[in-house]
Amino acid sequence: MNNGAHVLVVSRDEMLLQTRQLILGAFFHVNGAGRVQEAESLITKRAYDLIVLCYSLSPSDCARVLDLIREQNPRPKILTLRAAGTPAPSQESDAELMIEAGPYGLLKKSA
C-alpha cells in the first residue's frame, strides 16, 4: 500500500533506524541512513518528500543534514523525533514528534 512518497530516515541507532524503516515502509518508499555521510549521499541522489531526523543524532549531525536540505529544490518536509529531555528541534524543522507517540503517531505525522 505504497503511496509513492519518498522518505529518508536518519538515525545513528541501528535498531531504531530499522524499526522506523519497517513502519514507514508499509506506506512509503523509505531509505535509511545510519551516518551523516550516507544521508548526504542519498540526499544528493534523490528528491525526498519527507526527511525524519531521529533524536539519536547530535546537534552538529542535524545541522549538516539541514544544510544539505536547504539546498534542495523543492525542499522536503522535515520531521524531528524527540525523546523526553532532548533539545527542541531546529527552527528548520516543519514538525516534531515525541517518541511516546509510538508507531501509530509516526505514521500519522508522516502522512
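Helices (H or I, at least four residues) and strands (E, at least two) are DSSP runs, numbered from the N terminus.

This is a predicted model, in which local features need pLDDT of at least 70 and side-chain atom pairs count only at pLDDT 80 or more, while totals for chains, interfaces and linings use all residues. Residues are numbered from 1 along each chain as its sequence is written, and side-chain values use heavy atoms, with hydrogens and water left out.

The structure holds three salt bridges, each a side-chain nitrogen of Lys or Arg within 4 Å of a carboxyl oxygen of Asp or Glu.

| Salt bridge | N to O distance |
|---|---|
| Arg12 and Asp61 | 2.6 Å |
| Glu40 and Arg64 | 3.1 Å |
| Asp67 and Arg70 | 2.5 Å |

Arg12 and Asp61 meet in a salt bridge that links distant parts of the chain, with Arg12 in the loop between strand S1 (6-10) and H1, and Asp61 in helix H3, 49 residues apart. Asp61 is buried, with a relative accessible area of 5%, whereas Arg12 is partly exposed at 47%; buried means under 20% relative accessible area, exposed over 50%, and partly exposed in between, with a 1.4 Å probe and protein chains only. Asp67 and Arg70 are separated by about one helical turn because they are three residues apart in helix H3.

Helix H3 (residues 59-70) also holds Val65, which is buried with a relative accessible area of 0%. Leaving aside neighbours within four places in sequence, Val65 is in contact (heavy atoms within 4.5 Å) with Val36, Ala39, Ile43 and Leu53.

Arg20, found in helix H1 (residues 14-25), is buried yet has no salt bridge, and the nearest side chain of opposite charge, Asp13, is 7.2 Å away. Not counting residues up to four places away in sequence, Arg20 touches Val9, Cys54, Tyr55, Leu81, Ile99 and Leu106.

Definitions and conventions
Lys and Arg count as positive and Asp and Glu as negative; His and the chain ends are not counted.
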